[in-house]
Number of protein chains: 4
Amino acid sequence: MSFNTFGRVFRFSTWGESHGPAIGAVVDGCPPGLPLSEADIQPFLDKRKPGTSKFTTQRREPDEVRILSGVFEGRTTGTPISLMIENTDQRSKDYSDVAKAYRPGHADYAYDAKYGFRDYRGGGRSSARETASRVAAGAVARLVLPDVDIFAYVSEIGDDAIDYARFDAAEIGNNPFFCPDREAAQRWEQLVDDARKDGSSLGAVVECVASGVPAGWGAPLYAKLDSELAAAMMSINAVKGVEIGDGFAAARLRGEENADPMRPGEDGPAFLANHAGGIAGGISTGQPVKLRVAFKPTSSILIPVETVTREGEASDIITKGRHDPCVGIRGVPVVEAMMALVLADQKLLHRAQCGSV
Amino acid sequence: MSFNTFGRVFRFSTWGESHGPAIGAVVDGCPPGLPLSEADIQPFLDKRKPGTSKFTTQRREPDEVRILSGVFEGRTTGTPISLMIENTDQRSKDYSDVAKAYRPGHADYAYDAKYGFRDYRGGGRSSARETASRVAAGAVARLVLPDVDIFAYVSEIGDDAIDYARFDAAEIGNNPFFCPDREAAQRWEQLVDDARKDGSSLGAVVECVASGVPAGWGAPLYAKLDSELAAAMMSINAVKGVEIGDGFAAARLRGEENADPMRPGEDGPAFLANHAGGIAGGISTGQPVKLRVAFKPTSSILIPVETVTREGEASDIITKGRHDPCVGIRGVPVVEAMMALVLADQKLLHRAQCGSV
Amino acid sequence: MSFNTFGRVFRFSTWGESHGPAIGAVVDGCPPGLPLSEADIQPFLDKRKPGTSKFTTQRREPDEVRILSGVFEGRTTGTPISLMIENTDQRSKDYSDVAKAYRPGHADYAYDAKYGFRDYRGGGRSSARETASRVAAGAVARLVLPDVDIFAYVSEIGDDAIDYARFDAAEIGNNPFFCPDREAAQRWEQLVDDARKDGSSLGAVVECVASGVPAGWGAPLYAKLDSELAAAMMSINAVKGVEIGDGFAAARLRGEENADPMRPGEDGPAFLANHAGGIAGGISTGQPVKLRVAFKPTSSILIPVETVTREGEASDIITKGRHDPCVGIRGVPVVEAMMALVLADQKLLHRAQCGSV
Amino acid sequence: MSFNTFGRVFRFSTWGESHGPAIGAVVDGCPPGLPLSEADIQPFLDKRKPGTSKFTTQRREPDEVRILSGVFEGRTTGTPISLMIENTDQRSKDYSDVAKAYRPGHADYAYDAKYGFRDYRGGGRSSARETASRVAAGAVARLVLPDVDIFAYVSEIGDDAIDYARFDAAEIGNNPFFCPDREAAQRWEQLVDDARKDGSSLGAVVECVASGVPAGWGAPLYAKLDSELAAAMMSINAVKGVEIGDGFAAARLRGEENADPMRPGEDGPAFLANHAGGIAGGISTGQPVKLRVAFKPTSSILIPVETVTREGEASDIITKGRHDPCVGIRGVPVVEAMMALVLADQKLLHRAQCGSV
């Protein structure tokens, strides 16, 4: 369990900085014999890729993944799968402002305080660029989950939420916001564009659902499924909150409202509700696993903010460059990837312990 | 990284079921030479102890901790500290209902689905009784944090929240709800008692603050301080949501509102706000570390809920016995303990990597 | 992977000092549904128990194990199994010599150097008494290995080795040395007794064989079966060397002598030799897994040795008390236990990764 | 603690196969601020590089390392250090023999048994080529150990050992065998060349010494320094035995002979002997850490060996291609690297636990 590794049996480690030569992930513990090529990974990276609309950063990188190991004759071998994505758009911009002063809300000061100095180019290791590595690793994790369907969407930008009465999963791919509510998507065009023009930024809420997860995954007490998901989601850049099922709303219900009653079903109990988000006692119940993730507005804005320099002098700073007005949008494929990575790990962990002896 | 162990350098493992002979924790990696006796742990257990008011379960156990190893002549030796608490109130009640049918919202069905059978007495391993072990381990963790002050409180029960204008830390110990708002505490007496009389239960929100944490703790990217805290909190029984700093509210702010501006201070930067909850890029900033935790209403209620039996037949079930009408209340010392355990681990991890070579 | 935990999926943690109130182990990750009671563990502890002959320490402890958790209605539940053995013979002897000066060859000086002080009573945590916890945990591991047969024996004491031509597994239980060669066992009576009377001690070599291990266990490259076994064996008190298969003798063979040729067999390849000790590339081959372990002579002797005191003054020291003249003998059940613990872990790890998706 | 990761705080993961596009290592947990460039790593790779004499494989690869992350302006940043070595000599030879039949002594059969199939080109993941990644990671580990001097040498090839009376450390770099005994080196020229001409191979013993290790490193009981070293060494290709200090020879000594007496020294105790190899109770004593490693003769020989095909038919096989007649020789820099990697990890682990609170 090192600093840059996640998982217990199906594990991945990421490396790389925003403006180094490349970033990458090493996936370890993947079962052997699964068909895998770059073409299985690339679509997920494309979904996350910057520069696809004016609502995301204008950094342009093809984000082409290369598989450097762990695959032979088109199948995984059971050995580590090394994935590399070259950084092609390391624009030689002027980072002297960022080098000198701390951008509030960014990791600049914290990295300096921890490590004594930092790679200030584009945020270095703390850049959301690292999430491309997670998305690539997540694509591998999906191989382990052929019967699980994972999808995420944006349910809220700023304080404008979708109307669940208009929820249409088919809409998610039809707009640049991964929004399942067509009307909300239309409103958000204006909302996000205004923020962008203001040089400001907006927060978002991303929801993710995994269906097809059988009852029994999750390793209480300290590898509970919900605990692992919370860690996974909170590790994503800009995330400040995680809810499983009803989350904080459950705290406002009474016991009898919050219970998920059961009735006999065809294949085990049929649940009449899913306040729990598909997890009880840290173990999946067979219902869809549901969670919500809060993304803060990015701290990279063109509006000056008070700060201090490395030398401790007062200064004002703006973050020039090409930034997402709403980082939550591109968080969607990242949330999906982390969901897949946790579930793949828990699936293998479950069969390790609970297969027959 | 096993199922029942938490932490990386300062680690603890817990064991035990609600109705077995005892429960316990093994704390590993504690620095040597720290003064420790049972008297340093007992007050924290007493704070969590059941049966102290009519607002908590009437199970009565002294919860006396014994130190079985790792301490010599009153000081920690650097070897594992084994803590044991005997279960004295294993009332020989009738568990046949629970043995036969699944209590919705409880881990009953999930445990059966995972393990094939379960210790149904009082919830077995999934009982909140296990949290006594965490509280004991947390008391040891505090030894490692002499300069850190940790306190938690209930900020909301049901849908009745405190008024922060009336926040008074001194009030927290003056009422059975760990409530910092005297008026809210008075209202809650009625609220919780009504729920208890109805055989129902209420959710709660617990907030926790750790001050005195220096800038630099947290190990990005997959042992980020916020990620570890999220995992720790979500692993507590009945928790369904975790927020760091403003959490979901941050998703509704604009970038310039959510930034925590800095000005030169006496000892590093002085922050003018703390939307981030003291963590940026997964690393502490030197501000107070703040988080919020949502506890669902306990599923142990006297109101019948639809369910199925182990044999798959429809049934209705109520949970007889002595239950907390609001488990969030006794969650307060548990949240504090988990905060201490995460911070102790991160402190040691930080000095492992970032001390001078 | 904390300091006092071993294993990856099937894991155990031990705690306790020689002269504390108790010692114990927590076994985590054990599959559910396996029949287990104290009676399944006790025989292994009895085998290791001190005081059974004049060739082992005269410390007399019943070493009765108690299961405190993880078992319900006679079967493992999949939750942590807490095992405790009380220390009953904590004779209130005079430890002032050991407290003041370092016994050469013992961990006294190293513990002081590391931790600043030490529990000097009977060696504290560094006492071989801890191995009782391993033996108890190992008995649980055997439940996971119903088709594997593990046995160890002493092949050499001092410089007197067994004659493999007289090897008879049935003899192992017939003498106090776990010796498979009846003649050697007779010689060793004199040899060990002489050493005991001299106040000296003897080293030993223990060999261990596990048959019934299928091909495929072991997780290259850093959880190779032989690497895990080496770590496991070297962690035993007094062990200074580990060989897999032919070990150092293999270094003196030529490639064609050391190869283990194969011929078609009934159930996969039939090997014509087993120089490799049943492991190739870190993975079991289906042949018996074989290893050898070197135990040094215990440093607890009645012959004075030059040393220094804690204050840095020259002194001579003898180790009074009840000591094994040849600790390797009682190492036999410990080596077996560690073999079982590694194999159980590797079995579960293998099925985690290599089961069908 | 995954399959392809080693270490606890200072950790490295390797990836890559013999004939894939590249191999590499990710070093995680390295302290920040240490000067590092490719030039600090390359000399160690050059020492291990094949093709430097007729006594090693004729595979010719420049083995040039690239640092892809974790270094900024010439210093480590505290983030993962990604090291990559391209495979340039993936000669398109005919692997049909190896694809069809199992080479005895190689991992071929075991990999097939475990994973269902294997990358048979040059041994795939089980190739000793992977050790180049370790050597690169080991060079980084040395940055953490400025006061520790590590060197290894070959003490024995076949059954021809060096004469310690002629031991001269200065000789080690003067011959292609890393041999400290000039006369032995001369004899070995003939010995190894004869084996090569015979199409056979020879085993070897490598010894390694680390001086400058202070007393106190090592984390009992399951991260003991000797236990970690044993795991590290046994994970190297072709290694079959590990001894700490006197190893198996200690088993033939009496207690009073094996003790390492102490006398007051300038800076703590002065030891009068070092049978223990600098480790007691799993903790360094301040004496030089010494170990011995047995390398078997490589199984890649031109002499036909009986085997079976994947289809289970009898066959004879020889291993064509460019092989080391004595793999132990090139094991020298690998043993040194593993020593450095273990010590760096233990140093950081020690200061995590045992620094002042």
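In which hand does α6(C) pass α8(C), left-handed or right-handed? The views below come from a predicted model, in which local features need pLDDT of at least 70 and side-chain atom pairs count only at pLDDT 80 or more, while totals for chains, interfaces and linings use all residues. Residues are numbered from 1 along each chain as its sequence is written, chains are lettered from A in the order in which they are written, and side-chain values use heavy atoms, without hydrogens or water.

**View 1. Crossing of helices α6 (residues 225–234) and α8 (residues 327–354) of chain C.** The crossing is right-handed, and the axes, which are lines fitted to C-alpha atoms over the stretch in contact, come within 10 Å and cross at roughly 145°, on a scale from 0 to 180 degrees between N-to-C directions. Contact (heavy atoms within 4.5 Å) involves residues including C:L225 and C:L229 of α6(C) and C:M338 and C:V342 of α8(C). By class, this contact has 9 nonpolar, 1 polar and 2 charged residues.

**View 2. Hairpin of strands β12 (residues 262–265) and β13 (residues 268–271) of chain C.** The two strands, pairing by the criterion of at least two DSSP bridges, run in the antiparallel sense over 4 bridges, with 2 residues between them. C:G265 has C:G268 as its bridge partner.

**View 3. Strand β10 (residues 204–211) of chain D and its partners.** β10(D) pairs in the antiparallel sense with β8(D) over 8 bridges and with β16(D) over 7 bridges. D:A210 stands opposite D:I150 and also opposite D:V289 in β16(D).

Key. Left-handed = near helix turned anticlockwise from the far one by under 90°. Nonpolar A, V, L, I, M, F, W, Y, C, P; charged D, E, K, R; others polar. Buried < 20%, exposed > 50% of the residue type's maximum accessible area, 1.4 Å probe, protein only.
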